[in-house]
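Please keep the sequence and the model in view while reading.

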Amino acid sequence: MSNADIYHEMIVDYSRNPINYGKIEDHDVTFHDSNPLCGDSIDIDMKIDNDKISDIKFHGKGCAICMACSSVLTEIAKGKNIDEVRNISKNDVLGELGLEHLQAVRIKCALLSLKVLKSALYSYLGKHLKNSDDVDKLKEEAASLY
Amino acid sequence: MQSAQTSFENIRKDFPILERTVRENKALVYLDNASTTQKPNQVIDAINDYYRNHNANIHRAVYALAEEATELYEGTRDKVANFINIKNRNEIIFVRGTTEAINLVAYAWGRKHVKEGDIIVTTEYEHHSNIVPWQLLTQEKGARLEYIGMDDNGELILDDLDKYLATGKVKLVTFSQMSNVLGTISDAETIISKCKAAGVLTLIDGAQAVPHMKVDVEKLGCDFFAFSGHKMLGPTGIGILWTRKSILETMNPFHGGGDMIREVHKYETTWNDLPYKFEAGTPNIADVVGLGAAIDYLSKIGMDNIREHEIDLTSYAIEKLANVKGLHIYGTKDISKRGGVISFNFADVHPHDVAQIIDEEGIAVRSGHHCAQVLMERLNVAATSRASFYIYNTKEEIDKLINSLNKVAKVFKL
């Protein structure tokens, strides 16, 4: 596969018309991160009701890969419960867009929103978890995100 | 200029990397020269020859090899002095690059002389290397960092400088002689004369200027001058800091260690003479030798010829790019005020996507914030694509860049 072949219809369409793009004013959790190498920047807002992601939106600036993956990720996460979202893997996102073989320099573009989503979830859980074992497990999980 | 024209055609033969292909058998079109330049055989051979025939530590030993190595190392100091017109060779300090040079000033000069309430002035179009060291210093000292703003044409607003100088609190004005993103050539003469009148020191980041135009430090009249070897055909890991002797003598050492001392006793040390006080440890001898070869190479072509070649390429590129529908070029169109650096955005396509698609055609441009996020904020963009030229680039390569942009337009349905 040539590297330019990643720019298929779906990627270009998602980048032009992102899904779940915007803000949730009364969010339960919000998180921001950026990619220091390229300046891509993503915020994710979530509403969480009864341990379920009842609404999720993202906003920010990024390349077509970053925007398409953010759209797909928010589509995957919406309506799922927290444990299911914790288990979303990078291939769940990449596979949806046929990007399993994305070159190393672009993988951070594709996975920035996943990192933001998981960080948002950990920050939400961190505030609500009582058991310190669970908190340690959470930290470990956060550290091994990539 | 018939002879200069001919020599530019022959120049490509000196650069072995330009013979290779990339991706699917595409000729390499290297347009990321503001980031780093390719190296001619003359530089590669000089480093090779140094390691094969002359390698030894410098300054101390008395045997033949050490003498040769010392001569080669110190010979480059003379070449640097001659190249950018510095009268006193002992004011030239070898460092890793421009970043280290500026950090050295912030640390060894700044920590000694900058106090609470003082102001350091930089500009909105600086590289992070001319912002972050000053943030660290001013935060530590309770001093202030202020910015000379940039107008929509990509030129500095010098009224801002007047405003800060009028406070009487400015200790240093630091600016790049040429922007690494917009290619704007700063009006160094005016900035320095204003600062001199106010009794304020000036630092010039010459990383983008020295490789591309004749620079005369003596004539400029600044107090600190920094540049890097790898952006001017030299190896990575070697750069220059020049500072006036009268200022160097007031500065603390940067690093402690061998070669920078006169006498070391258990609890006190006296410092070596300039410039060695600031060159602790075994230096990057081989790359200093490589830098010497790069200076010889550039001098042979002539810096005025290089500037002329780049003006020719840049005018051509701006004209062609301006005709691409949806393409926006940042910075001034006045070629006398800009070097061979063109930052642009193509419709709503992110620069990373532009760079990746044209990479398939063998074209290497930079995409991103170019270590100038303050400038990106000022331009209100996350990133730009940047094509930057050097002596080995040709108009045919610019045509290839333009053609490759058609592919971007096709993929993104522009």
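## Burial and overall form of chain B

A residue is called buried if 20 or more other C-beta atoms lie within 10 Å of its own, exposed if 12 or fewer do, and partly exposed in between. By this criterion, buried residues make up 50% of the 414 residues in chain B. The model discussed here is predicted.

Chain B contains 14 helices and 17 strands. Its C-alpha atoms fill a box of roughly 70 × 55 × 35 Å along the principal axes. A compact globule with 414 residues would have a radius of gyration near 22 Å, and chain B agrees with this because its own value is 22 Å. Of the contacts in chain B between residues at least 6 apart in sequence, 70% join residues at least 24 apart.

## Two domains in chain B

Chain B is divided into domain 1, formed by 2–30 + 303–411, and domain 2, formed by 45–299. The C-alpha centres of these two domains of chain B lie 28 Å apart. Where the two meet, the contact takes 23 residues from domain 1 of chain B and 22 residues from domain 2 of chain B.

Which elements supply the side of domain 1 of chain B that touches domain 2 of chain B? Helix H11 (303–322), strand E14 (341–346), helix H13 (373–379) and strand E17 (384–388) of chain B each supply at least two residues. The largest share of this side, five residues, comes from H11(B). By class, the residues on this side of domain 1 of chain B divide into nine nonpolar, seven polar and seven charged.

## A seven-stranded sheet in chain B

Chain B has an open sheet of seven strands with mixed pairing, in the order E4-E10-E9-E8-E7-E5-E6. Strand E4 (92–95) and strand E6 (144–148) of chain B are the edge strands, each pairing on one side only. From one strand to the next, the twist averages 20°.

Within chain B, strand E5 (residues 119–123) and strand E7 (residues 170–176) run parallel and are joined by three bridges. B:Val121 stands opposite B:Val173 in E7(B). Helix H7 (residues 188–197) of chain B packs on the sheet and touches E7 and strand E8 (201–205) of chain B. The direction of H7 in chain B makes about 160° with that of E8(B).

## Paired strands in chain A

In chain A, strand E1 (residues 29–34) and strand E2 (residues 41–49) pair in the antiparallel sense over six bridges. A:Phe31 stands opposite A:Ile44 in E2(A). The hairpin of E1(A) and E2(A) has six residues between the strands, and A:Gly39 in this hairpin takes a positive phi near 85°.

E2(A) also pairs in the antiparallel sense with strand E3 (residues 52–61) of chain A, over nine bridges. Here A:Ile44 stands opposite A:Phe58 in E3(A). The hairpin of E2(A) and E3(A) has two residues between the strands. In a regular strand, side chains alternate between the two faces of the sheet.

## Contact between the chains

How many residues does each chain give to the contact between chain A and chain B? The contact takes 15 residues from chain A and 17 residues from chain B. The side of chain A that touches chain B has eight nonpolar, five polar and two charged residues.

## Local features in loops

A:Asn50 lies in the loop between E2 and E3 of chain A. This residue has a positive phi of about 50° although it is not a glycine. Is A:Asn50 buried or exposed? A:Asn50 has 7 C-beta neighbours inside 10 Å, so it counts as exposed.

In chain B, B:Asn25 lies in the loop between strand E1 (21–22) and strand E2 (26–27). B:Asn25 has a positive phi of about 60° although it is not a glycine, and with 7 C-beta neighbours inside 10 Å B:Asn25 counts as exposed. B:Ser35 is in the loop between strand E3 (29–30) and helix H2 (41–54) of chain B. B:Ser35 is partly exposed because 16 other C-beta atoms lie within 10 Å. A cis peptide bond, with omega about 0°, joins B:Leu274 and B:Pro275. B:Pro275 is in the loop between strand E12 (269–271) and helix H10 (285–301) of chain B.

Terms used: Residues are numbered from 1 along each chain as its sequence is written. Chains are lettered from A and ligands numbered from 1 in the order in which they are written. This is a predicted model: local features need pLDDT of at least 70, side-chain atom pairs count only at pLDDT 80 or more; totals for chains, interfaces and linings use all residues. Domain bounds come from an automatic or database domain assignment. Two residues are in contact if their C-beta atoms, placed from the backbone, lie within 7 Å. Helices (H or I, at least four residues) and strands (E, at least two) are DSSP runs, numbered from the N terminus. Ala, Val, Leu, Ile, Met, Phe, Trp, Tyr, Cys and Pro count as nonpolar, Asp, Glu, Lys and Arg as charged, and the others, Gly among them, as polar. Two strands pair if DSSP finds at least two bridges between them. Axes are lines fitted to C-alpha atoms, for helices over the stretch in contact, and angles run from 0 to 180 degrees between N-to-C directions. The radius of gyration is taken over C-alpha atoms; the globule rule is 2.2 Å times the number of residues to the power 0.38.
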